[in-house]
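Please look over the backbone geometry of this model before we talk. My notes follow the structure, point by point.

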Amino acid sequence: MSIALLFVTAFATEWQKPPEEVLAVLHAPQLPWVWTSPSGGHLLLADPVSYPPLSEYAAGWYELAGMRVDPGGGYHGNHGGTNPRLQAVGSDAVVPLGVPAGAEVQGAAWTADGERFALTVRDGDVFSVWVGDVKGGLEKLDGLEVNRLMARTVAWMPDQKHLLVRTVPEGRGEMPAAPVIPAGPRVTEGSGDKARSTYESRNLLKTAHDDELFDHFTTAQLVLVDPRKGKRTNLGAPGVYAGATPSPDGKYLLVERLVRPWSHDVGWYRFAHEVEVWDKKGEKVATVASLPLADEVPAHGVPTGVREVSWVTTEPHTLVWLEALDGGNPVAEVPHRDRLMKLEAPYTAAPKEVLKLQHRVVDWAFTEDGTMVLTEWERMRRWQYTRLVNLGKGTMKPWFDINEDDRYASPGDPVYRLLDNGKWVLHQEGDSIYFSGRGATPQGDRPFLDLRKIGTDKVTRLFRSPADRYEQFIDMLPDGRFVMRSESAVDVPNYHLVTLGGKVDAAAGEATRSRTSTPITKFEDPTPQLRAMEKKIVTYERADGVPLSFHLYLPPGYEPGKPLPTVVEAYPLEYSDASMAGQVSGSTQRFDRLWGASHLFFALQGYAVLDSTAMPMVGDPETVYDTFVPQMVADAEAAVAKAVEMGIADPDRIGIIGHSHGGLMVANLLAHTDLFKAGIARSGSYNKTNQPFGFQSERRSLFEARDVYIQVSPTFFADKVNEPVLVIHGAADSNPGTLTFQSEVFFEAVRGSGGTARLVLLPFEDHGYRAKESIEHVLWEQLEWFDTHLRGK
């Protein structure tokens, strides 16, 4: 069957719930989502849907070319926000917007002046467009059903009067019926193929019926809508469109159209497609590129040919794109990896090469004067280079470069602003660009707002969060004020309007302008019981001197000096530089809100929790997994030793928990150490030989590094797992590296070797867990497991 229905015939237990005090936190109201209008005059608020019922997942889904699509035509498991409402900045009044009760806002598009907005709303199985204004008016565009898949659904045209909408074609008809029996066996063959990344193999098409379903759900009609006059104009014929973007002057559309046959080997984003320019009536003006199926992209590589086609946002209708010069292969030895191309209207001449780039281009944006700010990535050094490109002259000069892992030196990300035509450019003040960032320090994150002078290393710090709070820039207003979100360990996050003033203090490191702030929102704490938890950042070193850290959570009412049962949570990460590996991330000033099956719930049940425990793997990106196990063991030994030294952890009552790559870590640590009394491994991959052509940052194949694949795979060492292990997995995990059978085989290997193990498979769940019943049950399983094996209950 095309629809994925998983039937589970037996369970070791019925659905269970954790203690009431855990449920009270789990199901406490979430803080609302917030969209800021471009003018900064209004906030759009909606309440997120957190834990849908399992019955929704049990209704099934279709696996279509890299997507899971629900029977209603939306992304499976994707939810929006309910109860949308407007709040004017400077007012406490909240104006409800009149969508049906229970309907979910799944997208919001503002006009550039911040006066009007278009909402994509799902009500049952129907997606529709609602257009409103900041006075509270809201109207549904009747007869217009939105197609939500693959590309942006609703966007304002540059005139800010019309909407470009991807709609379900009229007369689409019923969904194709599944054949009673398959048309034939599923056959895959190859001859002389190159290995492709395993990440391309998620939720792929498998049958001719799947192909029909893909056509049914993805075929869209582009429609130009005038909401005020009610006029609608179809643009082009119905098709499978991966994108449709108006030029800055509104005269043209850049359209990406997928073409058959559909591949059963890769996702839709690798399908053959036509890149076309249409006029505003929907007539094709030119074909920019006809791109073949990209089904042999190297691991960590890019497709060959034209890619990332886009408009130059500061010119009326000029196109730019990239082309790989290394065959898309990141390890090919070539002087240049990419070249930047340009094409101008009427798009009939040969495109011009602007310049060649030494490294892979990963990002670009434009300043208000048309300068392209382009970022290259050097894979081996994990280094990023930001350049300034003059498209007209075909010249480039450096601006700044950074180690991508260096949190302390990170310049942050550029701030954008919306032009009158709805196009985004870098927000500029004079000859400088605004940058905002997390502001990592050895004491924790302190977010900032800077002005960085273009082409120089001069930086003016405008704002930095005080050390006793966590305050971050959200959005810049046209008049120079900005919206800030402010919180602390005990204060719920709320939004403020900030005005900067005064002269800049020249003191190094703390140079900021004076500011005044006015509260906008007054959200209240939905879980005050969490404020009684203590937390701190703890730093220490690995035996070889690599600096490490963890976030320590202590339960309410903790008695200093009393060793506790302790839970260590971690996720292994790769680094090229030991000094980067030990940098602290996060902040003790964040306002804790526990979500899902979080390990932090243990702190409410009397455990100490080592959260985000550093587990770095330091080395050459090509060979770092040669030492994965010994480095991981050294990381764990250092963390345990520090917690015991502090008098926090009882060395005989320490457990380890991890998800995904963290699940692999748990299984390996139980197999190769006796540091932990028990472990919980969730949605992990325990036999890397099932991913023979690479995993994580490992590019070598199984056949090039056979011993490495085996050494990192705890299934081969399951007979060494002599501590109890709880193995949890979504029964419908679509992540190619962590398919559900990985947990089933690992469990059988441990159990068959005489070990103590429990396997929990969650019906209908993917790599992460979302359904209410699943989340509650996982929390119960986790608490019961460590209560039994750490506390001896």
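**Backbone notes**

1. Pro261 sits in the loop that links strand S16 (252–258) to strand S17 (273–279). Helices (H or I, at least four residues) and strands (E, at least two) are DSSP runs, numbered from the N terminus. The peptide bond from Arg260 to Pro261 is cis. Its omega is near 0°.

2. The basis is as follows. This is a predicted model, where local features need pLDDT of at least 70, side-chain atom pairs count only at pLDDT 80 or more, and totals for chains, interfaces and linings use all residues. Residues are numbered from 1 along each chain as its sequence is written, and side-chain values use heavy atoms, with hydrogens and water left out.

3. Which bond joins Ala345 and Pro346? A cis peptide bond, with omega about 10°. Pro346 belongs to the loop between strand S21 (338–343) and strand S22 (352–357).

4. Asn83 is not a glycine, yet has a positive phi of about 55°. Asn83 falls within strand S5 (residues 81–88).

5. Where does Phe764 lie? In the loop between strand S47 (757–762) and helix H9 (772–789). Phe764 is buried, with a relative accessible area of 12%.

How values were computed:
Buried means under 20% relative accessible area, exposed over 50%, partly exposed in between (1.4 Å probe, protein chains only).
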